[in-house]
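Visitor: I'd like to learn how to read a protein structure. Could you walk me through this one?

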Amino acid sequence: MDRVRPFPSRRRLLQGAVAAAVPAALLPATHAAAQARAVDYPLAEWVPASTSNYTAASRPTTYPIDYVIIHVTQETYADTLAIFQNPAKKVSAHYVVRSKDGHIAQCVRERNVGWHAGNWTYNTRSIGIEHEGWVDKPEYFTNAMYEQSAALTAAICTKYDIPKDREHIIGHHEVPGSDHTDPGPYWDWSRYLRLVNFA
């Protein structure tokens, strides 16, 4: 005959502790799934810009997406992300590509309008990609950066049916009214377009 215990056994307490720990163990996977839903490009990390630094929209329904605009940050990767997260700065781009390894951060969803071109019409009709580095320091334009950026640009062009040419993949300096010089004279457009078209 079993005796009724007034308190749960040690074994029951341990089983309960294990059961309680299971949801916590699932949190990283849940977080990863949530991040995957937050990014438009599967290889990107979600590092959101301040909502004060872009315009919420429903592109391409509200505005067609016709261009990819190539930028160079004139800052480090980390400082660029911090600028986009600072609500006082009033600037953002959709993506930032790190120099050393081509790692990509997405800061603004593609459906929203990033504030990167300095021209409202071009902002509404483009995806902006920033590249860590300086226009006068070609050593920042690494193989990894070119390759990962080109794969990103190719995916964007395919998604929005943007021709993979220099009329639609443009530098910031080519935006009407721009006073910027990026991506600068050391950006290898021939190489970049070749990589985009072979991605």
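Visitor: What share of the residues of the protein chain count as buried?

Guide: Buried means under 20% relative accessible area, exposed means over 50%, and partly exposed is in between, using a 1.4 Å probe on protein chains only. Here, 42% of the 199 residues count as buried. Keep in mind that this is a predicted model, where local features need pLDDT of at least 70, side-chain atom pairs count only at pLDDT 80 or more, and totals for chains, interfaces and linings use all residues. Residues are numbered from 1 along each chain as its sequence is written, and side-chain values use heavy atoms, with hydrogens and water left out.

Visitor: How many helices and strands does the protein chain have?

Guide: Both are DSSP runs numbered from the N terminus: helices are H or I with at least four residues, strands are E with at least two. This chain has five helices and eight strands. From the N terminus on, they run α-β-β-β-α-β-β-β-α-β-α-β-α.

Visitor: In what order do the strands of the open sheet stand?

Guide: Two strands pair if DSSP finds at least two bridges between them. Here six strands form an open sheet, ordered β1-β5-β4-β7-β3-β8, with mixed pairing. β1 and β8 are at the edges with a single partner strand each, so one side of each has no neighbour in the sheet.

Visitor: Which strands pair with β7 in the parallel sense?

Guide: One is β3 (residues 67-72), over six bridges. Another is β4 (residues 95-97), which runs parallel to β7 and is joined to it by three bridges.

Visitor: Is β7 largely enclosed or open?

Guide: Six of the six residues of β7 (residues 126-131) are buried, so the rest of the structure largely encloses this strand. S126, G128 and E130 point one way, I127, I129 and H131 the other, and all are buried.

Visitor: Now a helix. Which residues of α2 are buried?

Guide: An α-helix has 3.6 residues a turn, so residues three or four places apart point the same way. In α2 (residues 77-85), the buried ones are Y77, T80, L81 and F84. They fall within an arc of 100° seen down the axis, so they line one face of the helix; the arc is that of the directions from the helix axis to the C-beta atoms. Contact means heavy atoms within 4.5 Å, and what covers these buried residues includes β1, β4, β5 and β7.

Visitor: And which residues are buried in α5?

Guide: In α5 (residues 189-198) they are W189, Y192, L193 and V196. Their arc is 95°, so they too line one face of the helix. The face turned away from the buried side carries the exposed residues S190 and F198. The cover over the buried residues of α5 includes β3, β7, α4 and β8.

Visitor: Which residues are closest to the centre of the largest pocket?

Guide: Rolling a probe the size of a water molecule over the atoms shows where empty space is left. On a 1 Å grid over the protein atoms alone, a pocket is an open set of points where a 1.4 Å probe fits, with protein on both sides within 12 Å along at least five of seven lines; lining residues have an atom within 4 Å of a point. Of the 18 lining residues here, V72, T73, V91, E130 and H180 are closest to the centre. The largest share of the lining, three residues, comes from α2.
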